[in-house]
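Reader: I would like to go through this structure with you, starting with side chains and then the backbone. Could we look at it together?

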Amino acid sequence: TAVKEDLIRNNNNKNFDLLCSCHLERHELIYLVRELVVRLEENNKSIFMHGNGIVLDDKGIVLTGNSGSGKTTLMLKLFEGNPGKCGFLSNDRVFITQDGHMDYFPIPIILASGTAKNSPMMREFLRKKGKLYDSDFDVSMLESDKNDTKFALFRPYIPQVYENCELLERHKLDEIIIPKIDFSRSSVSVGEVTDIQELHHMCFTPFDYESLRKPWIMKRDFSDVELFSGSVKLLEEKIREGKVFRLKYNPNFSSEFLQDEVKKLTKRI
């Protein structure tokens with residue numbers, strides 16, 4: 001049936017009305033909230049990235065890459081190896097704003113059992129916790145030979161695992177790192193990214209396979225063409241500024257070693 005009006009009415013960018021007379025399940029409501037957050041950010045010309053937003057020594061970093069590239073593994077390694085304060089915005093989805101900031105996105109961390117095992121602090125926390133809120137986690141996952149079993153870990157758990165890590169909603173962006181796991185490496189390989197094609201396919205603005213972006217959900221301020229053009233322009237600017245790097249690493253490297261290697265990158269900027 002054709003929908004003749006918006007499903008979400010935006011009153012003032014702070015208050016919204018849900019115009020739906022039918023019963024909605026919990027997952028459907030969560031989906032609508034997700035759509036709402038993405039649209040508001042994109043209406044402000046932010047771009048939606050497939051990446052993690054973290055802060056080390058007050059340096060804001062987006063770890064971006066395809067699924068399985070090692071974003072979350074590297075993130076947990078860096079949290080574990082950092083002797084000072086660090087920060088966490090969000091995992092797997094993060095916004096980059098026009099004014100050079102990262103904005104968090106409300107989404108749980110989807111952890112693979114192998115990633116959890118690779119972080120001693122996370123592994124110990126999960127063993128002691130035994131059960132997680134709204135998650136399929138089971139302690140037996142840590143003992144199994146399988147490393148690809150996945151479960152949800154909600155954002156508030158992170159400071160419980162890594163006591164030096166605080167939850168943040170926004171932080172300035174200093175660099176973008178494209179990590180890649182390589183078990184054969186005996187040292188870290190770092191290179192500056194100069195080709196936008198190496199970066200742009202990690203951008204979900206405007207083509208996000210998880211988002212409907214239908215006009216009847218809520219009106220957008222820009223077309224797909226305008227959103228695409230804006231995302232290219234913003235990422236090209238970061239490349240021109242020399243703020244985008246690729247980093248190949250072995251996940252068996254120590255947390256302290258990886259921490260030092262990433263800090264070397266921030267010093268180059």
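Reader: Is Lys-71 buried or exposed?
Author: Lys-71 counts as buried, because its relative accessibility is 5% and buried means under 20% relative accessible area (exposed is over 50%, partly exposed lies in between, with a 1.4 Å probe and protein chains only). Please keep in mind that this is a predicted model, in which local features need pLDDT of at least 70 and side-chain atom pairs count only at pLDDT 80 or more, while totals for chains, interfaces and linings use all residues. Residues are numbered from 1 along each chain as its sequence is written, and side-chain values use heavy atoms, with hydrogens and water left out.

Reader: Which residue forms a salt bridge with Lys-71?
Author: The partner is Asp-92, and the closest N and O atoms are 3.8 Å apart. A salt bridge here is a side-chain nitrogen of Lys or Arg within 4 Å of a carboxyl oxygen of Asp or Glu. Lys-71 is in helix 2 (residues 71–81) and Asp-92 in the loop between strand 6 (86–90) and strand 7, so the pair ties together parts that are 21 residues apart in sequence. Helices (H or I, at least four residues) and strands (E, at least two) are DSSP runs, numbered from the N terminus. Asp-92 is partly exposed, at a relative accessible area of 22%.

Reader: Why can such side chains pair?
Author: Side chains of opposite charge can pair when their charged atoms come close.

Reader: How many salt bridges are there?
Author: The count comes to 16 salt bridges by this rule. One of them joins Asp-134 and Arg-26, whose closest N and O atoms are 2.8 Å apart. Arg-26 belongs to helix 1 (residues 26–43) and Asp-134 to the loop between helix 4 (120–129) and helix 5 (140–143), so the pair ties together parts 108 residues apart in sequence. Asp-134 is partly exposed at 41%, and Arg-26 is partly exposed at 49%.

Reader: And what do Arg-246 and Glu-198 do?
Author: Their side chains meet in a salt bridge, at 2.6 Å from N to O. Arg-246 lies in strand 15 (residues 244–249) and Glu-198 in helix 7 (residues 197–200), so parts 48 residues apart in sequence are tied together. Salt bridges that share partners also join Lys-71, Asp-92 and Arg-93 into one network.

Reader: Let us change topic. In what order do the four strands of the open sheet stand?
Author: The order is 3-7-8-12, with antiparallel pairing; two strands pair if DSSP finds at least two bridges between them. Strand 3 (47–49) and strand 12 (170–172) are at the edges with a single partner strand each, so one side of each has no neighbour in the sheet. The twist averages 30° from one strand to the next, where axes are lines fitted to C-alpha atoms (for helices over the stretch in contact) and angles run from 0 to 180 degrees between N-to-C directions.

Reader: How many bridges join strand 7 to strand 8?
Author: Three bridges join strand 7 (residues 94–96) to strand 8 (residues 101–104). Phe-95 has Asp-103 in strand 8 as its bridge partner.

Reader: What about the backbone: where is the cis peptide bond?
Author: The cis peptide bond joins Thr-205 and Pro-206, with omega about 5°. Pro-206 sits in the loop between helix 7 and helix 8 (224–240).

Reader: And what is the phi of Asp-57?
Author: Asp-57 has a positive phi of about 50° although it is not a glycine. Asp-57 lies in the loop between strand 4 (51–56) and strand 5 (59–64). Asp-58 is found in the loop between strand 4 and strand 5, and its phi is also positive, near 65°.
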